[in-house]
Amino acid sequence: MSQQQQLFIYTYGCRPEETELFHLEARSFFGDDFNSNEPYMFSTIEIDPDRSPFMRERLEILYEGDKLSDIIAQVEQLELNNQTFKINYIKTNDLKDSSKIDYDERRNIERQLGMAIDGEADMRVPDIEYGIITLGGRWYFGIYIKSKAIWLQHMHKPKSYSIALSTRVARAITNIAVPDIEELTVIDPCCGIGTVLVEALSMNVDIVGRDINHFVVRGTRENLKHFNMETDVVCGDIAEVTEHYDVAILDLPYNHFSHATEENQFYLLKHARRIANKLVIVSVADIDHMLNELGFTIVDRCTTRKGNFIRQIIVCR
């Protein structure tokens with residue numbers, strides 16, 4: 001495969017109420033490669049699975065074949081240079097129930113592959129992990145990365161409130177806003193307690209925060225300090241922003257710490273359009289008429305639910 005583009009396999013899963021959000025994130029990462037009908041995907045696009053709250057694993061394909069024996073023959077070519085290794089059977093597949101591979105057979109497949117590799121296995125702390133998966137009647141073997149679900153650590157903030165974005169939703173929204181983080185500047189002008197800021201900074205996104213409420217800004221700074229993160233967080237009105245950003249993530253207020261009149265929402269949208277090229281909006285209200293009036297083009301959208309609380313996620317330019 002050295003003369004071709006590198007191919008990756010991703011596996012993923014989500015809660016039913018987050019299906020639309022997961023699909024929007026996947027479309028942002030993978031575009032037309034994404035197939036919402038399968039729990040896996042082939043793509044030439046390389047994404048760290050730690051970024052997404054929905055990704056489970058990534059396999060960087062080294063070898064493929066029609067039969068497991070084809071893979072076993074190929075792995076004999078591996079040169080580990082004294083590195084230790086581990087084999088992981090990836091359970092996600094498209095086999096019919098009658099053809100499912102049970103636990104004992106999965107362990108047997110791992111042992112067969114391990115015996116064919118010229119190197120020392122280490123089941124606890126290997127230098128390199130490999131994966132094996134069967135899809136579409138073929139077998140694939142490659143370098144395996146399992147998501148570490150970093151976002152789980154961010155659920156335990158010193159400051160929070162009940163209707164704030166969850167860490168999973170905030171992380172997905174960040175990925176929707178910035179699927180490729182290279183050299184992009186981002187602002188969260190209504191950052192609240194900093195849920196988006198924490199997720200973005202953990203992915204090395206160049207982001208700054210702002211909020212008009214001094215109380216929540218203090219909470220944001222405390223949350224960032226708790227996770228040893230740093231960025232500029234300013235207490236001030238969005239109208240005071242003079243810098244221009246590639247992307248703005250705007251979680252419109254909805255009568256918790258701020259007044260959420262339609263005039264206030266229009267004001268925030270107007271200034272967000274002024275300071276950023278791309279805008280990802282989180283709203284609990286229908287704002288399409290305001291977006292149209294301000295000249296936005298809606299690129300993509302979805303909804304996500306927390307109990308009876310429904311948020312719209314709208315991507316605009």
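This is a predicted model: local features need pLDDT of at least 70, side-chain atom pairs count only at pLDDT 80 or more; totals for chains, interfaces and linings use all residues.
Local features need pLDDT of at least 70, and side-chain atom pairs count only at pLDDT 80 or more. Residues are numbered from 1 along each chain, and side-chain values use heavy atoms, without hydrogens or water.

1. Helix α1 covers residues 19-30. Helices here are DSSP runs of H or I, at least four residues, and strands are runs of E, at least two. Gly31 follows, with a positive phi near 60°.

2. Buried residues (under 20% relative accessible area, 1.4 Å probe, protein chains only) of α1 include Leu21, Phe22, Phe29 and Phe30. His23 and Glu25 are also among them. Their cover includes strands β1, β2, β3, β13 and β14, and helix α4.

3. Helices α2 (68-75) and α3 (103-116) pack at about 30°, axes 8 Å apart. Axes are lines fitted to C-alpha atoms over the stretch in contact, and angles run from 0 to 180 degrees between N-to-C directions. The pair is therefore roughly parallel (under 35 degrees). Leu68, Ile71, Ile72 and Val75 of α2 meet Ile109, Gln112, Leu113 and Ala116 of α3; contact means heavy atoms within 4.5 Å.

4. Most residues other than glycine have a negative phi. Glu183, between α4 and β8, has a positive phi near 60°. Glu183 counts as exposed at 78% relative accessibility (the cut-off is over 50%).

5. Asn228 lies in the loop between α6 and β10. Its phi is positive too, about 55°. Asn228 is exposed, at 72%.

Methods. The expected span of a helix is 1.5 Å times one less than its number of residues. Angles under 35 degrees count as roughly parallel, over 145 as roughly antiparallel, 65 to 115 as roughly perpendicular and the rest as oblique.
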